[in-house]
Protein chains: 2
Amino acid sequence: MASATPERRRGRQLPTAEELRIWRDFVETTEVLTSRVAARLQLDSSLSSGDYAVLLALTEAPDQRMRSSALAAHIGWERSRLSHHLGRMERRGLIRREECATVPRGAEVHLTPSGAEAFAQATYPHLRAIRELFVDALAPDQLRAAGDIAAALREHLGPRPEE
Amino acid sequence: MASATPERRRGRQLPTAEELRIWRDFVETTEVLTSRVAARLQLDSSLSSGDYAVLLALTEAPDQRMRSSALAAHIGWERSRLSHHLGRMERRGLIRREECATVPRGAEVHLTPSGAEAFAQATYPHLRAIRELFVDALAPDQLRAAGDIAAALREHLGPRPEE
DNA sequence: GAAGCTCGGTTGACGTGTCAATCATGCTAA
DNA sequence: TTAGCATGATTGACACGTCAACCGAGCTTC
């Protein structure tokens, strides 16, 4: 491994101009992409990406309810972020928080009928948007490459930064 | 064309499970990536990604100043977003807003010495973070693929959604 | 010259995210 | 028993973004 990628990768501290260009392109573009998908979701269903993530998790949960901390872990959010978001969703009647019977200080998040309904309405157009804006943009090998890149990045980034 | 990509792509409305998995992976991972880079920047220099974008543009601008609208266009922000952000940056002494001599109602954004200093301090560690967290994670062909994917997505997304 | 237009920019309201502090509760140990 | 301590979650302060409304020049245009 000392010579596989010669001077390109050895002793260099900073990205080359080309690498930097790719970085900026990549980041900006994915930002546009996600915001475009979010805008479609909002338009089609009045849900944000956050709402959708929460509703998806609850919909798939047994009994359509979940401990708050489990939910946070499941969708990869900080607890405080989830708490704020649940507050907003509760105000809109999408979910309900109840004391957990089993765990002393645990809160249980329930999907309300209107939340389930909203999610059901949102699903199809959302998936279509993902197909139209993401999948359809890429050739099959590019799509595969996107998966590989995500995997490589995640591998490289490792778990949360020392926590 | 009826058979090049047979049932995979014809008459299908929704992404397959595999496509959906790639989408989620891709989005989540890029989110983690950018937030990790932003965290490093914050730690190294007390600047946010937004701050950095503004300071970069001003640093490279002739005379280190720029019309507000030109700046917004240059970094691809909405005017209102920029206005809010400039307010925060001005409070911290990173930039200064002055009336524009030439254009009637135009505001001109100036880089302050302390803003220039902050940017200079931030640049090197920031570039290093990009290299460590992004470039180093990918094999050369993956990096190239990332560039291609960004280009394909941008091409497909087109300019802003009918505006 | 007054009504209305556009242009450049700001403002307010509100949703969203992070961080640090707080809080209630149950456990453990002096 | 009570002084800590861990756990599960909420809260407040503040940065950040978007959207829609607004505002103050300068232009028309009648």
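How do the residues of the surface near DNA strand D divide into nonpolar, polar and charged? They divide into four nonpolar, 13 polar and nine charged. Here Ala, Val, Leu, Ile, Met, Phe, Trp, Tyr, Cys and Pro count as nonpolar, Asp, Glu, Lys and Arg as charged, and the others, Gly among them, as polar.

The model is predicted: local features need pLDDT of at least 70, side-chain atom pairs count only at pLDDT 80 or more, and totals for chains, interfaces and linings use all residues. Residues are numbered from 1 along each chain as its sequence is written, while chains are lettered from A and ligands numbered from 1 in the order in which they are written.

Start with chain A. Chain A has seven helices and three strands. Helices (H or I, at least four residues) and strands (E, at least two) are DSSP runs, numbered from the N terminus. From the N terminus on, the order in chain A is α-α-α-β-α-α-β-β-α-α. The radius of gyration of chain A is 20 Å, well over the 15 Å that the globule rule gives for 163 residues, so chain A is more spread out than a compact globule. That radius is taken over C-alpha atoms, and the globule rule is 2.2 Å times the number of residues to the power 0.38. Along the principal axes, the C-alpha atoms of chain A fill a box of roughly 60 × 40 × 25 Å.

Burial comes next. Of the 163 residues of chain A, 26% count as buried. A residue is buried if 20 or more other C-beta atoms lie within 10 Å of its own, exposed if 12 or fewer, and partly exposed in between, with C-beta atoms placed from the backbone. Contacts tell another part of the story. Two residues are in contact if their C-beta atoms, placed from the backbone, lie within 7 Å. Among contacts in chain A between residues at least 6 apart in sequence, 53% join residues at least 24 apart.

Phe119(A) is one residue to look at. Phe119(A) sits in helix α6 of chain A. Phe119(A) counts as buried because it has 21 C-beta neighbours inside 10 Å. Leaving aside its neighbours within four places in sequence, Phe119(A) is in contact with Leu55(A), Leu56(A) and Thr59(A). Pro15(A) is 104 residues from Phe119(A) along the chain, and their C-alpha atoms are separated by 43 Å.

Now bring in chain B. Two copies of a chain are related by a rotation about an axis and a shift along it. A rotation of 180° with 0.0 Å of shift along its axis superposes chain A on chain B, with an RMSD of 0.1 Å. The two copies are thus related as by a two-fold rotation axis. The same surface serves both copies, as 98% of the contact residues of chain A recur in chain B. The superposition is by least squares on the C-alpha atoms of residues with pLDDT of at least 70 in both.

Where the chains meet, 41 residues of chain A are in contact with 41 residues of chain B. On the chain A side, α2, α6 (113-133) and α7 (140-157) each supply at least two residues. By class, that side has 25 nonpolar, eight polar and eight charged residues.

Within chain B, look at α3(B). This helix has 12 residues and reaches 17 Å from its first C-alpha to its last, close to the 16 Å expected at 1.5 Å a residue. The expected span is 1.5 Å times one less than the number of residues. The buried residues of α3(B) are Asp51(B), Tyr52(B), Ala53(B), Val54(B), Leu55(B) and Leu58(B).

Two loop residues of chain B deserve a look. Most residues other than glycine have a negative phi. Ser46(B) has a positive phi of about 60° although it is not a glycine. Ser46(B) is found in the loop between α2 (17-45) and α3 of chain B. Ser46(B) has 12 C-beta neighbours inside 10 Å, so it counts as exposed. Gln64(B), also not a glycine, has a positive phi of about 55°. Gln64(B) lies in the loop between α3 and β1 (65-67) of chain B. With 18 C-beta neighbours inside 10 Å, Gln64(B) counts as partly exposed.

Finally, return to the DNA. A residue is near a strand if its C-beta atom, placed from the backbone, lies within 6 Å of it. Of the 26 residues around DNA strand D, Ser69(A), Ser80(A), Ser83(A), Ser48(B) and Ser80(B) come nearest. α5(A) gives the most to this surface near DNA strand D, with six residues. Around DNA strand C there are 25 residues, of which Ser48(A), Ser68(B), Ser69(B), Ser80(B) and Ser83(B) come nearest. For DNA strand C, the largest share, six residues, comes from α5(B).
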